[in-house]
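Subject: Structure for your review

Hello,

Here is the structure I said I would pass on. My notes on salt bridges and on one helix follow it.

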Amino acid sequence: MALIDDVFGQIPATLLKQWGLDMTYVKAAASEVYDPVTGTISGTETSVALKGLILKLNPKELNGDYQTNDIKVIIGNDELGNYYPNVRDRVRYTEAGATREGRIVDVESYRGDEAVMHNLILRPQ
């Protein structure tokens, strides 16, 4: 086990448990089937309840790659196990009393031997 796991491994989980907002992480279907007649894609998604923090992107982070309405969400790794977020997934969260959903456009994971936390950039849909 790497030193980062020993020193920092439980910090995100502890802070998110106390201060995080309830969210749902939606994993894309492992296998999808395209129906050329209807033009639809079908598969079974997996939803995982977790805690996360919503932050605004600062101007330096926008860097021309993101839109001004994109948001940053910080999540831990306890609920996801050894699964790493990817751009096929989505996150559901509550904003101003309404349930919203954002598609992941970028992922930055912090890790030692195992993931400690993930910064997700979401594009609200």
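Which residue forms a salt bridge with Arg-90? The partner is Glu-101, and the closest N and O atoms of the two are 2.7 Å apart. A salt bridge here is a side-chain nitrogen of Lys or Arg within 4 Å of a carboxyl oxygen of Asp or Glu.

Before the rest, some conventions. This is a predicted model, in which local features need pLDDT of at least 70 and side-chain atom pairs count only at pLDDT 80 or more, while totals for chains, interfaces and linings use all residues. Residues are numbered from 1 along each chain as its sequence is written, and side-chain values use heavy atoms, with hydrogens and water left out.

Salt bridges

The structure holds 7 salt bridges. Back to the pair of Arg-90 and Glu-101: the two link distant parts of the chain, with Arg-90 in strand 6 (residues 90–95) and Glu-101 in strand 7 (residues 98–111), 11 residues apart. Helices (H or I, at least four residues) and strands (E, at least two) are DSSP runs, numbered from the N terminus. Arg-90 is buried at a relative accessible area of 17%, whereas Glu-101 is partly exposed at 21%. Buried means under 20% relative accessible area, exposed means over 50%, and partly exposed is in between (1.4 Å probe, protein chains only).

Glu-101 also forms a salt bridge with Arg-92, where the closest N and O atoms are 2.8 Å apart. Arg-92 is partly exposed, at 29% relative accessibility. Through shared partners, salt bridges join Glu-45, Arg-90, Arg-92 and Glu-101 into one network.

Another salt bridge is that of Arg-123 with Asp-70, with 2.8 Å between the closest N and O atoms. Arg-123 belongs to strand 8 (residues 115–124) and Asp-70 to the loop between helix 3 (59–62) and strand 5 (71–76), so the pair ties together parts 53 residues apart in sequence. Arg-123 is buried, at 17% relative accessible area, and Asp-70 is buried too, at 3%.

Helix 2

In helix 2 (residues 11–19), the residues Pro-12, Ala-13 and Leu-16 are buried. Viewed down the helix axis, the buried residues of helix 2 fall within an arc of 95°, so they line one face; the arc is that of the directions from the helix axis to the C-beta atoms. Exposed residues Gln-18 and Trp-19 sit on the face turned away from the buried side of helix 2.

Regards
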